[in-house]
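Dear colleague,

Please keep it open while you read.

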Amino acid sequence: MITDEAGGPDVLARTGHRIRAATAADLATCAAIWRESLNDYLGRLAQPEIPDELATILRLYGHLHATDPATFLVAETPATRARTGSEPETPAIDAFVVVVRRDGLWFLSMLFVRPSAQGRGVGRALLEAVAPSRANGDAGPVQARATATDTAQPISNGLYASLGMVPRIPLLRLVGLPERPGAFEALPPGVEAIAFEEVADTPDGLGQSALTAELDALDRHAAGFTRPADHRFVIQEGRIGFFYRDRDGRAIGYGYTSEAGRVGPIAVRDETLLGPIVGHLVHAVRPRGAFGIWVPGTAGQAVVPLLRSGFRFESFPVLLCWDRPFADFSRFIPISPGLL
């Protein structure tokens, strides 16, 4: 288990920081560090800055802190007192890390260090503090470790690869609207799209929600892990969920869309269903602006019709990295790089 302070005097001596569990009061600072760190290297690449509108990322951090408080850690400088006996300086948070545990998956969701604190070993110390050997707790054994990282960050990519999480496939950001008819195949005959709100959500013999049981089965089959708390989160965020059932009533996929334009996650039993289901989702609602969707490079059944319909690639791809295979990314589209 991660204690309130991890690493102790050794980390303090090496990095000038102490590591502790994050609190809800720290989340706004973490969001600011996230923005500052990204804008630092985006500026060097002549890319537009991330605006100072952090409400969405703050809600994500609130969710991650609620589901994985033991592996949401911050690194801060210790309070110091001047020789004159004045009041001690307030500790300053310079970095944070978040690891999400979903069944046997250990997923490095976030690791950001202020530019002014980089090069001191703070990021590596945070990684050591959340390593699976220390962070298992009650979550059970780790079967796979994974992360998503920017292609434009070779130092970070090398660090993760040296720890076994090697870049495997790109995660592509596509944005746009389905402006060209006929780009997507229709749902196969006999396949019906049913909004979650129309599903009779009755408990089974074990008292489990029927809707949750079906989502768990689809997630386990395509993504390799279950995530009921994440489904509740995306619904609270305004995403609209659909089940896709065959003529026998069996759930063969699910997907989310939203008026905010966010699409995903999506999981299907057969990769040939991915394109038609993505097509249904981007036609089911009218977004306030454009749609945005993160699509694995191996999900050609979705990438090709999206591009043909009028979507375009936005910014650099993200790299999906792992040490052992855990998901079939030809049948699974994640929520985002920070929360598969």
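Leaving aside its neighbours within four places in sequence, which residues is Glu271 in contact with? Before the answer, please keep in mind that this is a predicted model. The residues in contact with Glu271, once those neighbours within four places are set aside, are Gln301, Ser330 and Arg331.

Glu271 itself is found in the loop between β11 (266-268) and α9 (274-284), and it is partly exposed, with a relative accessible area of 35%. Arg331 lies 60 residues away from Glu271 along the chain, and yet the C-alpha atoms of the two are separated by 4.9 Å.

Ser330, another of the residues in contact with Glu271, has its place in the loop between β14 (318-322) and β15 (332-333). Its relative accessible area is 10%, and because buried means under 20%, Ser330 counts as buried. Not counting residues up to four places away in sequence, Ser330 touches Leu274, Thr298 and Ala299 as well as Glu271, and its side chain is also joined to the side chain of Asp328 by a polar contact of 2.6 Å.

Lastly, a word on cysteines. A disulfide is a covalent bond between the sulfur atoms of two cysteines. A search of the whole structure finds zero disulfides. Cys30 counts as buried, at 0% relative accessibility, and Cys321 counts as buried too, at 1%.

Key:
Residues numbered from 1 in each chain as written. Predicted model: local features only at pLDDT ≥ 70, side-chain atom pairs only at ≥ 80, totals over all residues. Heavy atoms only, no water. Disulfide = S-S within 2.5 Å. Buried < 20%, exposed > 50% of the residue type's maximum accessible area, 1.4 Å probe, protein only. Helix = DSSP H or I, 4+ residues; strand = E, 2+ residues; numbered from the N terminus. Contact = heavy atoms within 4.5 Å. Polar contact = N/O pair within 3.5 Å; in protein donor to acceptor, adjacent residues only side chain to side chain.
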